[in-house]
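Please walk through this structure with me, from the contact between chains to the links inside them. Have the sequence at hand.

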Amino acid sequence: MSARDSILARLRATSIAETLPLPDVKTWFDAHRRNEDTDQRVTRLRAALQAVKTEVHDVSATDWIEALLRIAASKGLRNLLIGTGTAHGAALQARQPEHLKLLPYADAIDSWRDVLFDDIDASLTLARSAIAEIGSLILWPNASEPRLMSLVPSVHFVLLDVATIHSDFHSAITTEGWKDGLPTNALLICGPSKTADIQQTLAYGAHGPRELVVLLRHAEGAAA
Amino acid sequence: MSQVIKIHPMEDFKERSRGVLNDPGQRKNFRGAMDFLMAKRRAQFPDPEELQGLRDLGSAIRRYSLAHLPRLLEQLEAKLTANGVRVHWAQTPDEANAIALGIAQRVKAKRIIKGKSMVSEEVGFNHAMEAAGIEAFESDMGEYIVQLAGETPSHIIMPAIHKTKQEIAKLFADEIAGVAYTEDVDALIRIGRKVLRHKFADADIGLSGVNFCVAETGTLCLVENEGNGRMCTTVPRVHIAITGIEKVVEKLEHVPPLYSLLSRSATGQAVTTYFNLISGPRQPGEKDGPEEVHLILLDNGRTQAYADEELRETLKCIRCGACMNHCPVYARIGGHAYGTTYPGPIGAIISPHMLGLDATYPLAFASTLCGACVEVCPVKIPITDILVRLRNEAQARPDSMEATLRGSGAARTTAGTAVWSVWAQVYSRLGLYKLASWFMSRGRALSPTEQGAWTRSRTPLIPAPKRLRDLLKDRKP
């Protein structure tokens, strides 16, 4: 008998008399959900992100590129990794910034791993959405914006449209129908990489980005 | 170096405990760390009602998942396989290591970079790989520190909690080429980051644990702060995940409450920096991610716990470590004294299934039964009830109905059995009890002044000059 069959046989040999109902997660979240509008969600998300050393900047659909370039200059960044075939990547490239070299993530990582680890200062990705309650950004890496963009460069810029902010994790999963189509790797991120493994002292930049910069993109005409 | 699985007789446990108790530095480290973690957790649950509701929900999810475990494991396997993940089953640590080694040899791996995984500690993964000539390198900063020191983790969430920054500074200066002594924590982290970044890029295989497996979607969830887990599961071309069979839940929506309980109970964070959901290897067109993803599902005694309704509760554990942080025994002796992969209250109740009760029964007695662990357990495991059960099992007659576990009856001795048999006879017969208590009170002068461990720090136990019944008789008008 295979290990699989032996394990399953042992589990099945135990007859469990109790018939438990499927836990009602939805009711619990519905009862604890805050009745907040978008502005209130933005406030909550901003506070949660800033509490874990994330920079949050309010931008609009028209000025986000200038804001990004200004922040990049203030940090002395030489280059920025961008996705391929994305609208925001194309908009940034069209701007042709003078002092920030844009590097598209065009090839499979196997051919340029060392460059990514040693020579890339920063990256920009678009968040799919966010969760106000736990101050997390939801990233959905794909062929255009691969997984390592949000992990290896020391500074990670995230563009987030405020209209996509959910109230809580359960709401994000159900509203977006995650169970019917997860990518190979989905992510929640709430700040720069950190650790408290040395005498409970918090230190940032353990392995991933040392800085997380969120550009909160408000719809044109909305109050930032 | 990871822990080698071995038998730890009672004398070893006592010796190790005594060693820590006689080390003021170690005691201070643990006391400080536990106070810090307890305060952080308390701050995360300001609303007692919300906490109780969430604990009820978390417990219900875990109980439901275990009640349907065989079906959910099959569903998980089918879904993962459809997603392109290869699923393996292992009954023992040796089988788990053989599976990992088979994968490593097939892809001609020389280096494995590891994320945090207590199950890999449980199976002695590093030793098994090293024996086959494959380097297994820890990348969690705490795990990296203890590996560099040639030690094992002393806590399941904060592996190097027993070390001061001065000790780590010296360790780095001694063991890492070109590193000068510094007590600056940021500088120490930068040193670790620099060393490990090269390891991620050079590794052939990344190994990780799993916090939750979702049957509905075929997803492996990883909770972490450092990003090393993401590195291990993304950079190398092969990712191997290893987990106990009990970690599966049915639906994706079951994860948020458990995640909330885990991060808040473990480190007092509302949420961790990263929550990583892996549902498959790199797909055509994708530019990164591992080409192969494997999941090893490990039994290692879990089916023994599963077979018993009371002991099955042990498998609800989500490995937050809150029971350790609040345990007065763990806070004084630390994780290494237990001598098992999982220390503290949860270790005392899970280890007998992995290593046998004969090897681990002293741990069930290393408890005040104060119930602090039960009070903070996010999924409401009745740890003290199970500890009492294990104490009874340890002293059960090996061939009796009460002996249900591997190693039951290991604590049973002829002298002890005789003493308790006499005690039972005396206390169940009124005449005998009266006679015995009369002799005890009249013969109190003969009480020994040396009464073993009791008189090491207490005055001797001496029967009262008058029995309760005599005192009551005296009060009658």
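Which residue of chain A forms a salt bridge with B:Glu74? The partner is A:Arg12, with the closest N and O atoms 2.6 Å apart. A salt bridge here is a side-chain nitrogen of Lys or Arg within 4 Å of a carboxyl oxygen of Asp or Glu.

Some ground rules come next. This is a predicted model, in which local features need pLDDT of at least 70 and side-chain atom pairs count only at pLDDT 80 or more, while totals for chains, interfaces and linings use all residues. Residues are numbered from 1 along each chain as its sequence is written, chains are lettered from A and ligands numbered from 1 in the order in which they are written, and side-chain values use heavy atoms, with hydrogens and water left out.

Back to the interface. Between chain B and chain A the count is 5 salt bridges. The rule also finds 40 residue pairs in polar contact across this interface, both residues being at pLDDT 80 or more. A polar contact is a pair of N or O atoms within 3.5 Å; within protein, one must be able to donate a hydrogen and the other to accept it, and residues adjacent in sequence count only if both atoms are side-chain atoms. On the side of chain B that touches chain A, helix H3 (residues 48–67) of chain B gives the most, with 10 residues. Helices (H or I, at least four residues) and strands (E, at least two) are DSSP runs, numbered from the N terminus. That side of chain B divides into 45 nonpolar, 25 polar and 25 charged residues.

How many residues of chain B are in contact with chain A? There are 95, and they meet 74 residues of chain A. Contact means heavy atoms within 4.5 Å. The area buried between the two chains is about 7,300 Å², and carbon and sulfur atoms give 61% of that. B:Arg193, B:Arg230 and B:Lys287 supply 11% of the area that chain B buries against chain A, more than any other three residues. Buried area is the accessible area (1.4 Å probe) that two parts lose on being put together, summed over both.

Strands also cross between the chains. Strand E9 (residues 185–189) of chain A pairs with strand E9 (residues 274–278) of chain B, in the antiparallel sense and over 5 bridges. Two strands pair if DSSP finds at least two bridges between them. Look at A:Leu188: its bridge partner in E9(B) is B:Phe275.

Now turn to chain A itself. It has 7 helices and 12 strands. Its C-alpha atoms fill a box of roughly 70 × 45 × 40 Å, taken along the principal axes. Of its 224 residues, 54% count as buried. Buried means under 20% relative accessible area, exposed over 50%, and partly exposed in between (1.4 Å probe, protein chains only).

A:Asp168 and A:Arg33 meet in one, at 2.7 Å from N to O. This pair links distant parts of the chain, 135 residues apart. A:Asp168 is buried, at 4% relative accessible area, whereas A:Arg33 is partly exposed, at 29%. Next comes A:Arg34, which forms a salt bridge with A:Glu133, the closest N and O atoms being 2.7 Å apart. A:Arg34 lies in the loop between H2 and H3 of chain A and A:Glu133 in the loop between strand E5 (129–131) and strand E6 (136–139), so the pair ties together parts that are 99 residues apart in sequence.

Chain B has a link of this kind too. The side chains of B:Arg71 and B:Glu250 meet in a salt bridge (3.1 Å, N to O). B:Arg71 sits in helix H4 (residues 69–83) of chain B, and B:Glu250 in the loop between strand E8 (248–249) and helix H12 (255–266), 179 residues apart. B:Arg71 is partly exposed, at 35% relative accessible area, while B:Glu250 is buried, at 10%.

Finally, find B:Glu313, in the loop between helix H14 (309–312) and helix H15 (322–325) of chain B. Is B:Glu313 buried or exposed? At 17% relative accessibility, B:Glu313 counts as buried. Its side chain makes a polar contact with the side chain of B:Lys316 (2.8 Å).

How values were computed: Ala, Val, Leu, Ile, Met, Phe, Trp, Tyr, Cys and Pro count as nonpolar, Asp, Glu, Lys and Arg as charged, and the others, Gly among them, as polar.
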